[in-house]
Amino acid sequence: MEATIVVLAGDGIGPEVTGEAQKVMEVVAEKYGHQFHFSAQLMGGRAIDELGTSLPDETVEACRRADAVLLGAVGGPKWDNPNAADRPERGLLAIRKELRLFANVRPVKLHRQLIGASTLKEEVLQGVDLVVIRELTGGIYFGPRQEAGAEAAEAYDTMLYTRPEIERVVRLAAETAMGRRKKLASVDKANVLASSRLWRRVATDVLAEYPELETEHVLVDAMSMHLIRRPASFDVIVAGNLFGDILTDEASMLAGSMGMLPSASLGDVANSQGLPLGLYEPIHGSAPDIAGQSVANPLAAILSTAMLLRHSLGLEREAAAVEAAVDQVLEEGVRTPDIAHTGTEVVGTQVMGDLVTSKLRAMTA
Ligand code: IPM
Ligand code: MG
């Protein structure tokens, strides 16, 4: 297969982890006879510095023409001025909107070898395997707002949802659940918010089309508690933009480290393969405190390439091979500092990437 991948390395540790992810994809191409063309583009803080905008037009165009986009992370203290006209995060929100990526898929799977790296008790974590599907281009992130200027004593954001926005993301979540353990929890705050009452009504309508699913509606505050009390009881969770943002950071702790979790942002735009054009990124941020030290965990970025191979290129065998290679490296007790514990061997970013590629090369299928 021939495919074009845009790489948005971004800021902080972004370039280090996407470097390793690209290296892994190059080995996949070589081993399985594909041609991947990588196109590096600017987005975020570095784009502000070099081109004066967090999302240059060339980047949007390149992403539109690509089969998939691989992203590192954006942001950092350098661009944190509250009065700045542009911010790195604005670029990320804008590219999600431009590419119509209405669903963010965040699988949370506990790698057996890392059970000791979590702050939660082993018996709570046993069997955790869930997917959070977060609505990504609506809600309070994009509703009408009033910024607080320097003198203002008032500011607001609006949580606005429309029926079609809720329908498409709940449908995607329902389809995902049908391919898994057939359980779906829809999250809202319907006891207080009007937009959540709409969410619950629309979700109920959509889910009526899936009688085989075991479904429940859970208030977001209760969900934040259930997630650390009985995480293994969840299969697919669907939530609006802000609730999904918060719950996925919480859920990432079930996997031991944020450095382990990949994500896919998907929409209804098809790529040249007839599959969804997606944006794939680790769920962690740009971690400016450890940038440039070669200690960042590249596994979330590498596992994001597995999601990319699967969802945007339809290469299931290759995706599974990348995931198996990561498992094998963990099995041998090799760790980056964020997931290290007594008895493990600590390595840096590039060595971790090299170990994954050598496992991949050695794989027989
Ligand atoms: C995420 C991040 C972003 C978000 C930030 C960086 C804008 O927290 O992808 O979860 O809030 O969506
Ligand atoms: Mg977040």
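A: The shell around ligand 1 divides into one nonpolar residue, no polar ones and five charged ones. Here Ala, Val, Leu, Ile, Met, Phe, Trp, Tyr, Cys and Pro count as nonpolar, Asp, Glu, Lys and Arg as charged, and the others, Gly among them, as polar. The residues are Glu 89, Arg 96, Arg 106, Arg 134, Tyr 141 and Asp 245, each with a heavy atom within 4 Å of the ligand.

This is a predicted model: local features need pLDDT of at least 70, side-chain atom pairs count only at pLDDT 80 or more, and totals for chains, interfaces and linings use all residues. Residues are numbered from 1 along each chain as its sequence is written, chains are lettered from A and ligands numbered from 1 in the order written, and side-chain values use heavy atoms, leaving out hydrogens and water.

The side chain of Tyr 141 comes to 2.6 Å. For Arg 134 the distance is 2.8 Å. For Asp 245 it is 2.9 Å. Alone, ligand 1 exposes 320 Å², and the protein buries 75% of that (Shrake-Rupley method, 1.4 Å probe).

Now the sheet. It is open, with 10 strands in the order 2-1-3-12-11-4-5-10-8-9 and mixed pairing. Strands are DSSP runs of E, at least two residues, numbered from the N terminus; two pair if DSSP finds at least two bridges between them. Strand 2 (35–40) and strand 9 (214–219) are at the edges with a single partner strand each, so one side of each lacks a neighbour in the sheet. Strand 4 (residues 103–109) and strand 11 (residues 262–270) pair antiparallel over three bridges. Val 105 has Ala 264 of strand 11 as its bridge partner.

Definitions and conventions. A polar contact is a pair of N or O atoms within 3.5 Å; within protein, one must be able to donate a hydrogen and the other to accept it, and residues adjacent in sequence count only if both atoms are side-chain atoms. Helices (H or I, at least four residues) and strands (E, at least two) are DSSP runs, numbered from the N terminus.
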